[in-house]
Number of protein chains: 2
Amino acid sequence: MSLDSRKKQVLDAIVDDYVSTYEPVGSKALIERHNFTVSSATLRNEMAELEKMGLIEKPHTSAGRIPSDKGYREYVNSLMSYDNLTREERDDISRRIDGSVNDITDLIRTATDTLSERTGFVSLYMSPRLHKSFLKQLKMLMIEPGKALVVIVLSAGVVKDKVVRIPNFLTGEQIMKISDSVEQSLTGKPLDEITLVTVASSMKDTDLPDAMMNQIIYEAYTAIKQADSLNIYLEGENKMLQLPDFGELAKARNLLDSLSNDGMVAGYVNELHPEIEKADDSFMIRIGQEITLDGLQDCSFITTTYKIGDDISGNIGVIGPKRMEYSKVISQINFVRKKLNDNIKKLTE
Amino acid sequence: MSLDSRKKQVLDAIVDDYVSTYEPVGSKALIERHNFTVSSATLRNEMAELEKMGLIEKPHTSAGRIPSDKGYREYVNSLMSYDNLTREERDDISRRIDGSVNDITDLIRTATDTLSERTGFVSLYMSPRLHKSFLKQLKMLMIEPGKALVVIVLSAGVVKDKVVRIPNFLTGEQIMKISDSVEQSLTGKPLDEITLVTVASSMKDTDLPDAMMNQIIYEAYTAIKQADSLNIYLEGENKMLQLPDFGELAKARNLLDSLSNDGMVAGYVNELHPEIEKADDSFMIRIGQEITLDGLQDCSFITTTYKIGDDISGNIGVIGPKRMEYSKVISQINFVRKKLNDNIKKLTE
DNA sequence: GTTAGCACTCGAATACCTAGAGTGCTAACA
DNA sequence: TGTTAGCACTCTAGGTATTCGAGTGCTAAC
């Protein structure tokens, strides 16, 4: 499918108009708002052909046209021109993100919140995939008989902890000994090379009975593995209710229901970025029916990756109505990502 | 205001009918569904008087009556009979809550989720007020130059941690020394007796320059104080969209907007339980206009307290439409609270 | 104090109409 | 061959009129 230059212009104009007005675009309105040198009748002919190609469609016989999913796709792929952010936009984003200086999770969350605020849509981040990060520290602290806290520090600067159950009569000293021994032999190992076996062998010097060791090994192992669990964070769901696109209660319900299933959304975003280890700066864009996640067919997903060092990355992006200003949203995500990466670098080196 | 027995019956019947049908209740419908021994004309007279008293009202001239906020209040205060939960309900709640055995926060969250699932409304918990709990352990772990992790274990079995900044050239050994010294002198102190001064004096034996100490003191102090911060958790906002009460988009928006302001809701719930330290098992109920929190005047708040030991407690409850089955909801909260308290006891002793 | 009867009210539902925006098609034109 | 003016046609949104029925308050009789 290749469009001649005038068809491109027409499609471009229809998308622009429809995005800004949420009204089906007619041939007359098109003439008025854009400086076409042809008559409305000619445009009608062009529009009829664009419709035949499946790029635009009519809500009903005597209405103007709206872009189809395929139309948006064409627009995004080859028509859209990239916005440069204004000075103010850049400053605002910088101010927000640079102001978040605590830890890396805070930073990523702030970046995500910023995205939602600035776009008015839902924003999301996926926690960094940590299986390539390596263990920097592991401490077990006795909390009370039968309970210990495992604290794990990863190379990415991420700190995780988990309360685990331990045999009741273990003393604080014994725990410390085990802790030291595990730490010593696992430090420097990437998470994905840590298995039940490596954990077990890290404890082989301790002089405790096997049954007891098994419990500790298992708990330590799950504490470590949990550090690599995939989390998603969504922000700004309610903002979507302000959009006319979700002005019918049924649609609004549907949207919120779908978004409330964090796990499903996380799984989908994960699928979109299959080789996230080798992530470059590209964007994944999914529009309307392209989204294989029930109930979000009025939306578009735009996601990309942020990086912690060379091996570790996670995703950040926006879920908005498919009727959105793609170039603007993409530019904003892009700049937010840049600021995020910069700040992560500052924080971890 | 005291109602004669028949007026009570009528009000009771109106509330019951309206709650179950969401239709204004007319005199005829009342006769049909309840076995009154008088005619509809008599009921009309009674209803006119109830209206004069402000207990019921008409949406418009020729409609049936619906309870006013004052009517619900009267109903809750003196008419309502308490439901006993069915065997199944009790079993379901027990199963869910007993199944959550990890840590105390998990447990409280599970209880809250259960409430939302079972009522179909929004449920909430407020984190336990910890200022009466005392410090059991405090450890500072060096993560990397300039950064340490402060881990705090409280008497309530709560573990908190925070990454803090420390002077760059402090060694792990120095940190451990400071940590030991702080722990030794603060252990056993209730949180609300720990101040900048007590923290500072706990470190007086260390031989570091003052400027450096100030930073550590401050960081340690904020880490400790942060353990006592008031958090709220809300669950099930979307479920409210299923209710006819919020069937208009404007109302739905309004509701979700109001609920999304966690801080405001937390502040309000906190106000409702002013002397939470001396909490008994009573319920706080706020209906419609009684709620001094913008945008939630179509709702009712029902909250109560859970306990961790004798001195520490938090809140748990439900936000639903004011048109709800109060007795059922209260019974459920009550049973959930009981199970929650039981499990907390098991977990902390 | 209770009740039957009745005129009255008002919202919800339905049908009907109109205005207007937009279309596709045809025939003329460059 | 591509472009355009003209026109009949379509369909929605919005407004008006009408009807239906549930419910009310009031009166007068029991």
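Q: How many residues does the contact take from chain B and from chain A?
A: In this predicted model, chain B and chain A bury about 2,600 Å² between them. Of that area, 53% is on carbon and sulfur atoms. The contact is formed by 28 residues from chain B and 29 residues from chain A.

Q: Which residue of chain B forms a salt bridge with A:Glu144?
A: Between chain B and chain A the count is 2 salt bridges. In the one that involves A:Glu144, the closest N and O atoms are 3.1 Å apart, which is within the 4 Å cut-off. The partner is B:Lys136.

Q: Which element gives the largest share of the side of chain B that touches chain A?
A: Across this interface, 11 residue pairs are in polar contact. On the side of chain B, the elements that give two or more residues are β4 (135-144), β5 (147-154), β6 (159-165) and α10 (249-260). The largest share, 7 residues, comes from β4(B).

Q: How do the residues of the side of chain B that touches chain A divide into nonpolar, polar and charged?
A: This side of chain B includes residues from β4, β5, β6 and α10. By residue class, the division is 15 nonpolar, 5 polar and 8 charged.

Q: Which backbone nitrogen does the side chain of A:Gln297 reach?
A: A:Gln297 lies in the loop between β8 (284-287) and β9 (299-308) of chain A. A polar atom of its side chain lies 3.2 Å from the backbone oxygen of A:Leu293. The side chain of A:Gln297 also reaches, at 3.1 Å, the backbone nitrogen of A:Gly295.

Note on methods
Residues numbered from 1 in each chain as written. Chains lettered and ligands numbered in written order. Predicted model: local features only at pLDDT ≥ 70, side-chain atom pairs only at ≥ 80, totals over all residues. Heavy atoms only, no water. Contact = heavy atoms within 4.5 Å. Buried area = accessible area lost by both parts, 1.4 Å probe. Salt bridge = Lys/Arg side-chain N within 4 Å of Asp/Glu carboxyl O. Polar contact = N/O pair within 3.5 Å; in protein donor to acceptor, adjacent residues only side chain to side chain. Helix = DSSP H or I, 4+ residues; strand = E, 2+ residues; numbered from the N terminus. Nonpolar A, V, L, I, M, F, W, Y, C, P; charged D, E, K, R; others polar.
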